[in-house]
Amino acid sequence: MSIAARTDTQSPALHVADSHGLIRVHGARENNLKDVSVEIPKRRLTVFTGVSGSGKSSLVFSTIAAESQRMINETYSAFVQGFMPTLARPEVDVLEGLTTAIIVDQQRMGADPRSTVGTATDANAMLRILFSRLGQPHIGSPNAFAFNVASVRARGAITVERGAATKAKPVTFTRTGGMCTRCEGRGTVSDIDLTQLYDDSKSLAEGAFTIPGWKSDSFWTVRVYAESGLLDPNKPIRKYTKKEMQDFLYREPTKVKVEGVNLTYEGLIPKIQKSILSKDKEAMQPHIRAFVERAVTFTSCPECDGTRLSEAARSSKIKRISIADACAMQISDLAEWVRGLDEPSVAPLLAKLRHTLESFVEIGLGYLSLDRPSGTLSGGEAQRVKMVRHLGSSLTDVTYVFDEPTIGLHPHDIQRMNDLLLRLRDKGNTVLVVEHKPEVIAIADHVVDLGPGAGTAGGTVCFEGTVEGLRTGGTVTGRHLDDRAALKGTVRTPTGSLEIRGATTHNLRGVDVDIPLGVLAVVTGVAGSGKSSLVHGSLGQRSGAAGADVVSIDQTAIRGSRRSNPATYTGLLDPIRKAFAKANGVKPALFSANSEGACPTCNGAGVLYTDLAMMAGVATTCEECDGKRFQASVLDHHLGGRDISEVLAMSVAEAEEFFGAGEAPTPAAHRILGRLADVGLGYLTLGQPLTTLSGGERQRLKLATHMAEKGGVYVLDEPTAGLHLADVEQLLGLLDRLVDSGKSVIVVEHHQAVMAHADWIIDLGPGAGHDGGRIVFEGTPADLVTARSTLTGEHLAAYVGA
């Protein structure tokens, strides 16, 4: 085969197709953006900076990435679009030069109990095929190794028509699945404490149920038991016969008629398992979660030993390793095992599986195992798991969008993440990164700094250009880019200690440690070294002995609909409603847009939604209440000269003055507002929907709420996540105030500024997974810098310039 020789000798003029080297955004108005116009170079690494709430995510995710996804969805047929999420066109005048966007955000992975790291990344799917081909004894197809597939057997007959004749043929259907029949593939079994479900000294008519929400007049739950005809509603439960107790607790679904309505009666245990226990515990309301923790104990399934798999699936092995053993291995070890397999018949599968597992190791997640439930991953871990499928991709000229990819990473691992971002760029892709860490900002080709403040004080572009230009640009980010917290001259003296002995949670190796009380203690170490296992897994069990109440503020996401706002989430709305009710002599429920005071036209939403099938729905401001969400009669009631809608439109700072020594003194509301101001949320409006808050704002809102709890020990898990360099200083001040008020503060953290500010450091390591789980240093930050005996010590020394 010959290749035609080129005849041109001089380089041609720039082709018109090569002139589209910019993503142009003009007039962006999403959320708090104020007619933002920017030009972002393609095939370069652009970092978006600015204080938390300045509009970075609104520009990158809600405008650029959202429009790219919407336009891709429009290329499908209307039928297919009907099955896809509907996306509205962002509020922007012009968007040009977009390419296909691949979004790698911090959204937690589904917390479904059946979802694991392996199922979320296709690694399990490849392992199942591998074992179905090479496993001995051979037990069946890949389904036979799937813990989400149950074994099914069925017999029956089908009718076959041939001309005028019909003939019935017997058929048998069999599907071999890998699900453990005892735990149904969950790996755990639950044991329910019946005394927490009902008071057996009472009858159903007397309100025997003690389950939250099960009131005696509830038609769909309680009355179906009392009026089913299967039980005597006036007999105390403890006097039930054996048959009545069986019907009450375990009866299969049965049709019954209550007041002429056909309903389904089901035993109490299966009903509780389906209605409450099948849900994600973290997504439950606090009082429901408290009930579940009180009434139910979860233990590892004794039949499958927590592997989720049937005995047959565990019996099939490759080189003495079963699929359960493979999934339980640390991924770095599993990658080594797969490299040792050499079978030409499955060579393409082995190559793909090797690449996937090696990508985990390369991205710093080699310490995970494939059977790790995906709901237990931190935000940073979840984001990096999503990145796995994009490493080594042959796609070019796409736009990768990252939301703080260094969250949860030790300074030692940030360089590795930087290398990955640069590799994606060097393949000809556009990389957009929302980030606060100076180490990532330093590698940017182009920087867009938003601000100058947060919320309504932000939403404008303060700077566009190079990193050097940012340093001298005079913006908040530029001024703080080279900030370095200094080591303390003197550290506080502990007032006591929390003793942890023989901690073995996850990868901890019988750790013994005394965590000092009355000081700011920081637990650090590389990702996967065992920090959270030590603090969350062991501290709660040991704290009672020390007589200290622990308030734990972890990284679980704040959940809330567009009806939720800072006032409802923090409990601020309750004292405000009571103050309005007292001043006007009416019921507090009138001042809730989710209750009696709601505008009847929009049901208190403030907008009307029109569903347009496969096209994005349209939201229009309610004409009846003009978007204020309340009935007109409710707005006639005033407190300090303001109606309830005007109060909800106030910022936290305004409201703090209003309810403090201002026009409407309300001590309960003022205390909550003071906590919100303490964590740097003075600019938020009280009625702003939670769905519009940035990650950093949500983290601080959660912190402010937990500060109200009366605890002696505060445990914080990476409180600097989502915080701008300028906000870290304010956080350190808040931590100091907590300690100075007599509290003990324990922080799991990677940020060197928090380490430098600590009174005591506990460093775990030396590595991740089975290479970690040990205490490698205990002492003051100054001692750690002097010793430089650990990775943390080396990076902290470099940070403080020692």
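A charge sits over a ring if NZ of Lys or CZ of Arg is within 6 Å of the ring centre and within 35 degrees of the ring normal. R308 meets this description, lying over the face of F147 at 5.0 Å from the ring centre. The model is predicted. The points below cover a helix contact, aromatic pairs and backbone geometry.

**Helix contact**

- Two packed helices are described by the angle between their axes and the distance between the axes.
- For helix α6 (residues 242–250) and helix α7 (residues 268–277), the axes come within 4 Å and cross at roughly 10°.
- Angles under 35 degrees count as roughly parallel, so α6 is roughly parallel to α7.
- On the α6 side the contact is made by F248, L249 and Y250, and on the α7 side by L268, I269 and P270.
- The residues of this contact between α6 and α7 comprise 6 nonpolar, no polar and no charged.

**Aromatic pairs**

- There are 12 aromatic pairs in the structure.
- One of them joins Y225 and Y265, whose ring centres are 5.1 Å apart and whose planes stand at 65°, so the pair is edge-to-face.
- This pair links distant parts of the chain, with Y225 in helix α5 (residues 222–226) and Y265 in strand β10 (residues 261–265), 40 residues apart.
- Buried means under 20% relative accessible area; Y225 has a relative accessible area of 0% and is therefore buried, and Y265 counts as buried at 0% relative accessibility.
- F658 and F659 also form an edge-to-face pair, at 4.9 Å centre to centre with 85° between the planes.
- Both F658 and F659 are buried.
- One aromatic cluster is formed by Y198, F209, Y225, Y240, F248 and Y265.

**Backbone geometry**

- Most residues other than glycine have a negative phi, and most peptide bonds are trans.
- The peptide bond joining Q136 and P137 is cis, with omega about -5°; P137 lies in the loop between α4 (123–134) and β6 (152–162).
- A cis peptide bond also runs from G765 to P766, with omega near 5°; P766 lies in the loop between β26 (760–765) and β27 (774–779).
- D305, which is not a glycine, has a positive phi of about 60°. D305 is placed in the loop between β11 (296–300) and α9 (311–315) and counts as exposed at 63% relative accessibility.
- R320, a residue other than glycine, has a positive phi near 65°. R320 lies in the loop between β12 (317–318) and β13 (321–322) and counts as exposed at 75% relative accessibility.

Definitions and conventions
Residues numbered from 1 in each chain as written. Predicted model: local features only at pLDDT ≥ 70, side-chain atom pairs only at ≥ 80, totals over all residues. Heavy atoms only, no water. Axes fitted to C-alpha atoms, helices over the stretch in contact; angles between N-to-C directions. Helix = DSSP H or I, 4+ residues; strand = E, 2+ residues; numbered from the N terminus. Parallel < 35°, antiparallel > 145°, perpendicular 65-115°, else oblique. Contact = heavy atoms within 4.5 Å. Nonpolar A, V, L, I, M, F, W, Y, C, P; charged D, E, K, R; others polar. Phe/Tyr/Trp six-rings, centres within 6.5 Å; stacked < 30°, edge-to-face > 60°. Buried < 20%, exposed > 50% of the residue type's maximum accessible area, 1.4 Å probe, protein only.
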